[in-house]
Each structure stands twice: as structure tokens, then as C-alpha cells.
Amino acid sequence: MRAAHALIIALFNTFATAGPPDWAVDAVWYQILPERFRNGDATNDPARDSLEEPVAPSAKWRVTPWGGDWFTRDEWERELGPNFYWHVNERRYGGDLRGVIDKLDYLAGLGITALYFNPVFHARSLHKYDADSLHHIDPHFGPDPRGDLALIRGETEDPKTWRWTAADKLFLELVKAAHARGMRVIIDGVFNHTGRGFFAFRDVRDKHAASRFRDWYAIESFAPHFKYRGWAGSERLPEFAHTSDFAPGVKTYLLDITRRWMDPDGDGDPRDGIDGWRLDAADQVPVKFWTDWHTHVRAINPAAFTSAEVWKDSARLVRDAHFSAAMNYEGFAYPVKGFLIDGRIPASRFARFIALPPAAQNLIASHDTARLASMIVNRATARYDDAGNIPFNTDNSAEKTPGYQTRAPDERDRRIQKLVVLFQMTAPGAPMIYYGDEAGMWGGRDPDCRMPMRWDTADAALFAFYKSAIALRREHPELRRADIAITPFDAQQSIAFTRGRLLIVLNRSEQPQTMRIEAPGGVLLATDDGVAHEAGQITLPGLSGAVFGAP
């Protein structure tokens, strides 16, 4: 018996430390903030009483119509004061799962092969990082909110009490429809904190030390005042308590909800479940929990993909906690901003900073940053410190940065965006598009990066370029799997790099530049006309790039 047990543990450890699954190396990701993607079912729109503090908005509160100007305030917002940003996060646009299902063919046509959803679980905010439950999809994402809320009333942490709501079933329908189109699906796992409406926290708040969940949360005092630690200092996000690991009850619950979404029918076949997880604030969760959790995940599905949200030291966390990869801020987004977007660091420094693990999610923008187009529009005002460190999550907010430009990108801005996209689609690592960037959306940091998707006013030319670049990546396996060798040209503010038999050349200079390098064939894709190549040299127009190789 002991030998058999040791064999099982060894097998689980093999799963836990395995590299990323093959499909994740080939993936082209698309990130969706569900509330802002598409309203496919107006009958399930959020009501005022679904907000965390329903008494705060005016009685005139209503779901905001899709397609309006972002900075135009509704009557209920104007009643609450003059500052646009005071109440914009209390808006709801009614995005839901039906809206995503209706647009899966749009995503497939773009060339997307993997979807990452911001939290879809029951919560009161627009972003859903304040979960009321992790074992149910938000009722307002499904067809029967009131019926779902009635169905789940009285459930406990015991999976035997859990039911499948209409929203839960619609989410599984979405997963099935995505799989039928060759798309994988991962969802946001927020395991560091919950919302105040979470069943365990409500019990602690009501019963204090008598609650059976009292060890779940980082409680600072019960009396004379109930005080607890909130994530990032927010009382709306009570933190789970932990030292070297979570409390046993928390850990069991998180393992149970993991299995629920990865193998919904519990038959041991994970094909009807999600394909993995993106883990929020992963560096703020005990490594011991992550190693045990990964053993659990890969026992359910050895081909599952897990991605850590971590802004620095990502390689260490991936290694120590057994993640498949990380959202590649420090090894991709930072240096791309410094070189291709801002034009502030030399090509040689970019070549040193760039770090491209094969399955890393190579993002530029996300729900936590300004959109790519607005980073570009505001590139001249990005402030670098004396060491030349690249600013990424600061100085990019219309709310907090004087002089921040909220205008639409101009032609030069779009040239830079295409240059960035060409690098993203030709570099090692899996490219990840933030919803709407391919349609030309712009906006500063949260909340402006969370505008509703532009369906009727998309930039057709930009969309076509994204589609062409993604198709090139799909058609040439070396763009997904070959090593990279970068040659910087500091004087020309340009780089050239090879991926197998292909050569990619990018000119960040505003002026035409010639590089002494041989083109291995014709132009397969270019961001602009005017690319010239002859024996031993390539000339690119300013702010342009091209891929060379045999068809």
C-alpha cells in the first residue's frame, strides 16, 4: 500500500511540475471583460438592487445604453456630483454570456484560439473581483437571475449542497461552443480575497468568533469594532488569512470549486470543463497552496494551463509554484513600451530586456493598464526615472494625470500600433489581445480601459491587419516554436530578428532606415508600403515593419 501511495504522489508531482501544454504554446489569446463585451440578452440586465451599495446611486439609475459616448453622463450620474470618475464604476452595460456566445464566430474569424475571461463568478461589481461565490456564475450573466438567486439560497461550502443554475449551465454551453470552434477557455481564479457578500464572510460578520468560518479571514478584531484586512487596503475585498498556507476550510473549498469547473459532470473526463486558469495576484498567495493546487489541477487535466498574474519576478514564481506560465508584463509589455511605444530606450537595451518563454501570455494592455492605443497617444508624456526604468502602470490615467489625452489615435499612432502588433505576433510566447484593441478602441487606465466593446464603429483597416498578422503566425510554425535571435541597430532605432527561416525587421524611427542584412525571400507581411530589399540590405519607411521569407 505504501509503495502504491508513493507512486501516486510521484505521478501527481510529475503533473505539477510539467511544462506548459502544447496547445498553450500555439495559442492566440483574447481577453474578455464579460460585462463590457456584448449585451446578448436584455432580459437579464442588472437591476439597481444587484449593486453592492444599491442605496448610493440615484433612484434614476438604469443600465447604460450600449454605443454612447463614454464621457457623456446619464442623469443619475449628474445628480451625484460633478466628477465623472466618482460614480462611473456604478454603471452597468449588461454584457453577458449570451453576448459572448453570439460573437464566437467573430473571434474565430479573427484567428483567436484561446479565451481568457476576467472573473465570471457571482459578484456585485462590474469587474467581479469581489466574489459572493466561486461555485456559481454571476446570475446576471445568465438567463434567469432571480431564479438563480433563489436556487442557491441556503447553500454551504459543502459541494453536496451546490446546484447548477441557469447561468452555470449557460457558461458550460459557452465552453462547449468555444471547444467546437477549436478555442480553449480559461477563467480568472481570485483566491486571495472575496467580496463582503461571500457566504463565509457574511457568517463571520454576523456571528464573529462563533462563526465556523472565523479562521478563513484575516480578522484583526471582533470587538469593540469588527476589523479585518482588505486586499490593497480595500474593505470591500476581505482577505483570506494565510501564513505558509490557507486555513484547511479555505483550501478545501478552493480545491472543490477548481474541480467543479474543470470536470463539471465529475466523470473524470475534463473535456466538458475549462482548460485552465489565470490566477489573480498570484504572488500574494502562499506557494505551498499553489504547489498543492497544481497537483490537484493536473490530476484532473494534465493538459491544463495555469498563468500567474505577477508584475515582477515572474520566472521565480512560475518555477517555485509550478505555473505553466505568467502574464508577461516584465519580459514583454515593459520593454515593448520602452522601445516600440515610447521610443525611449535603445534597441540594444530592448534586446537585453525582452524575455519570451514559449507559453508566456505576451500582452501589451489589459484591464489593469491603459489601452494600447492610448499608451501610444500619450507616449511623449511617459516619465522615466534617472535609471531609465520603464513606466507602465503609472502616468497613464485621465483621472489622475494632468494633460492626459483622451483623443482618438491619429494615423501616426496607428502606424506604431501595427508595429507593436507585428512584433507581438512574430515573437516567441503566446500573444494576447485585450478585447477591442483589434477594433481600434482607446482609453486610459481603469476605468477608461473598461469601456464597452465597439461593435458598430470598429476600425476595419486595423482589424484586417490584426487578422493578417495572426494568420501569418498560424501559417508559419516557426513563429510559434523556433528560437529567436535579435540583432539591434541602435543608430537606426531598429531591430531585426530571425524565427527559423523567417526574418522580421522593425523600424521604430520616424525616418526611413536601411539595414545591412540579407532578406531570405520576399515580403510576407508589412505594416506599410514602401519596403525595399536588394542584395545585402533592407530599407523600411519610418514606423514600419516587415516579415521576409519564402511563401
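## The antiparallel sheet

Two strands are taken to pair if DSSP finds at least two bridges between them. In this predicted model, five strands form an open sheet in the order 11-12-13-18-15, and their pairing is antiparallel. Strand 11 (484-489) and strand 15 (522-526) are the edge strands, each of which pairs on one side only. From one strand to the next, the twist averages 20°.

Strand 15 is joined to strand 18 (residues 544-549) by four bridges, and the two run antiparallel. Gly522 has Gly549 in strand 18 as its bridge partner. Helix 17 (residues 460-475) packs on this sheet, where it touches strand 15 and strand 18. The direction of helix 17 makes about 130° with that of strand 15. Helix 16 (residues 411-426) lies across strand 12 (494-499), strand 13 (502-507), strand 15 and strand 18.

The bridge partner of Ile32 in strand 2 is Phe117.

## Aromatic pairs

The structure holds 48 aromatic pairs. One of them is formed by Phe37 and Trp455, which are edge-to-face, 5.2 Å centre to centre and with 80° between the planes. Phe37 lies in the loop between strand 1 (29-32) and helix 3 (75-79), and Trp455 lies in the loop between strand 10 (430-434) and helix 17, so the pair ties together parts that are 418 residues apart in sequence. Phe37 is buried, its relative accessible area being 0%.

Trp70 and Tyr93 form a stacked pair, because their ring centres are 6.4 Å apart and their planes are at 20°; the cut-off for stacking is under 30 degrees. This pair links distant parts of the chain, 23 residues apart: Trp70 is in the loop between strand 1 and helix 3, and Tyr93 is in the loop between helix 4 (84-87) and helix 5 (97-102). Trp70 counts as buried at 6% relative accessibility, and Tyr93 counts as buried at 4%.

## Selected residues

Arg508 is located in the loop between strand 13 and strand 14 (513-515). With 5% relative accessibility, Arg508 counts as buried, since the limit for that class is under 20%. Apart from neighbours within four places in sequence, the contacts of Arg508 include Phe339, Asp342, Arg379, Ile416, Gln493 and Leu543. The side chain of Arg508 also reaches the backbone oxygen of Ile341 at 2.9 Å. Arg508 and Leu540 are 32 residues apart in sequence, and their C-alpha atoms are 9.9 Å apart in space.

Asp168 lies in helix 8 (residues 166-180) and counts as buried at 0% relative accessibility. Not counting residues up to four places away in sequence, Asp168 touches His135, His136, Ile137, Arg163, Arg260 and Trp261. Trp311 is found in the loop between strand 7 (305-308) and helix 12 (314-321). The side chain of Trp311 makes a polar contact with the side chain of Glu309 at 3.0 Å. Trp311 and Met425 are 114 residues apart in sequence and 21 Å apart in space, C-alpha to C-alpha.

## Confidence of the model

The mean pLDDT of the protein is 94, and 96% of its residues reach 70 or more. Over residues 1-17, pLDDT stays under 50. For that stretch, the model has twelve contacts beyond four places in sequence.

Technical notes. Residues numbered from 1 in each chain as written. Heavy atoms only, no water. Buried < 20%, exposed > 50% of the residue type's maximum accessible area, 1.4 Å probe, protein only. Contact = heavy atoms within 4.5 Å. Axes fitted to C-alpha atoms, helices over the stretch in contact; angles between N-to-C directions. pLDDT = per-residue confidence, 0-100. Polar contact = N/O pair within 3.5 Å; in protein donor to acceptor, adjacent residues only side chain to side chain. Phe/Tyr/Trp six-rings, centres within 6.5 Å; stacked < 30°, edge-to-face > 60°.
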